[in-house]
Amino acid sequence: MFESMAEIVRRANERGQPCWRVILDEDLSQTGLEESHVFEEFTSRLATMRQAVELGLEGKTRSLSGLSGGGARRFQDWSRGAAEPLSGPYCTRVIARALATMEVNAAMGRIVASPTAGSAGILPAVFLSLQEVRGLDDDTLLRGLITAGGVGGVFKARASLSGAEGGCQAETGSAAAMAAAAAVEMLGGTPEMVSQAVSFTIQGMLGLICDPLGGLVEIPCITRNVSAAMQAVAAVDMALAGLVFPIPADEVLDVVGEIGRELPERYRETGLGGLAATPTGKLLQIEIFGGRGE
């Protein structure tokens, strides 16, 4: 596992290889697994991501709390019927797919924790929508998943992937950075651009708290996946345009860890602060969750 984006970029440039290749080679050298096995595993995970999106877009899933379900289908129907959605054809797909996956998760359906259940909607939303609008094949998406995994490893090494440890900046932030970096590579970006995508993504998510109602991965987790996916999309375009964020990706990730360690406990997945502690949030917990999380 790599512990810095700088090392991934350096090795990719030295070998004249894309990031996914050096990440995979490093993983194989550490685990002793066969390359074919890794691709089989990622093929299975991609299929699960696709199934979750399809199920969510059917609009039939409902969470036990009754707070979510059917939103992805309603949004997709609206976006297809609207004269000109402000978010455009690609982003409307991303929004619908992020909602779909997270609604399936809230209904206790099968998803891929990527890297966590609370951020499971971001990668499939960005990846599958990109495949649809750019005509990418599954092999390209599998290589993208390898890149995303490598970025997730760096994120874990330098900060955290857990909302309970680092707030939502760690959880949806890591997924958004993974998705952005992988998308840049899948679209032909350089290793430097891959790293820039991480910086651009995370700089806009620093300090984001984790404040789930009732301690469930539902509100605001579902729509927060949408916000994170949009942050990733913006980062992709900025990186591919050649923009440079002045702070290197590794230093940005170090700040995620620093902020996470300093966040009060009430803002780290306890359901005691933020939106969960608003008057309406407390009322919903009493009415639906029996006050759990207070």
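Which residues in α10 meet which residues in α11?

1. Basis. This is a predicted model, where local features need pLDDT of at least 70, side-chain atom pairs count only at pLDDT 80 or more, and totals for chains, interfaces and linings use all residues. Residues are numbered from 1 along each chain as its sequence is written, and side-chain values use heavy atoms, without hydrogens and water.

2. Helix contact. M193, Q196, A197, F200, T201 and Q203 in α10 meet Q231, A232, A235, M238, A239 and L240 in α11 (contact: heavy atoms within 4.5 Å). These contact residues divide into 8 nonpolar, 4 polar and no charged.

3. Helix geometry. The axes of α10 (residues 191-203) and α11 (residues 221-240) come within 8 Å and cross at roughly 140°.

4. Salt bridges. The count comes to 14 (a side-chain nitrogen of Lys or Arg within 4 Å of a carboxyl oxygen of Asp or Glu). E26 and R11 form one at 2.7 Å, N to O. E26 lies in α2 and R11 in α1, so the pair ties together parts 15 residues apart in sequence. Both E26 and R11 are buried (under 20% relative accessible area; exposed is over 50%, partly exposed in between; 1.4 Å probe, protein chains only).

5. A longer link in sequence. D138 and R50 meet in a salt bridge at 3.2 Å, N to O. D138 is in α7 and R50 in α3, so this pair ties together parts 88 residues apart in sequence. D138 is partly exposed at 35%, and R50 is partly exposed at 25%.

6. Network. Salt bridges with shared partners join E7, R10, R11, E14 and E26 into one network.

Key: Axes are lines fitted to C-alpha atoms, for helices over the stretch in contact, and angles run from 0 to 180 degrees between N-to-C directions. Helices (H or I, at least four residues) and strands (E, at least two) are DSSP runs, numbered from the N terminus. Ala, Val, Leu, Ile, Met, Phe, Trp, Tyr, Cys and Pro count as nonpolar, Asp, Glu, Lys and Arg as charged, and the others, Gly among them, as polar.
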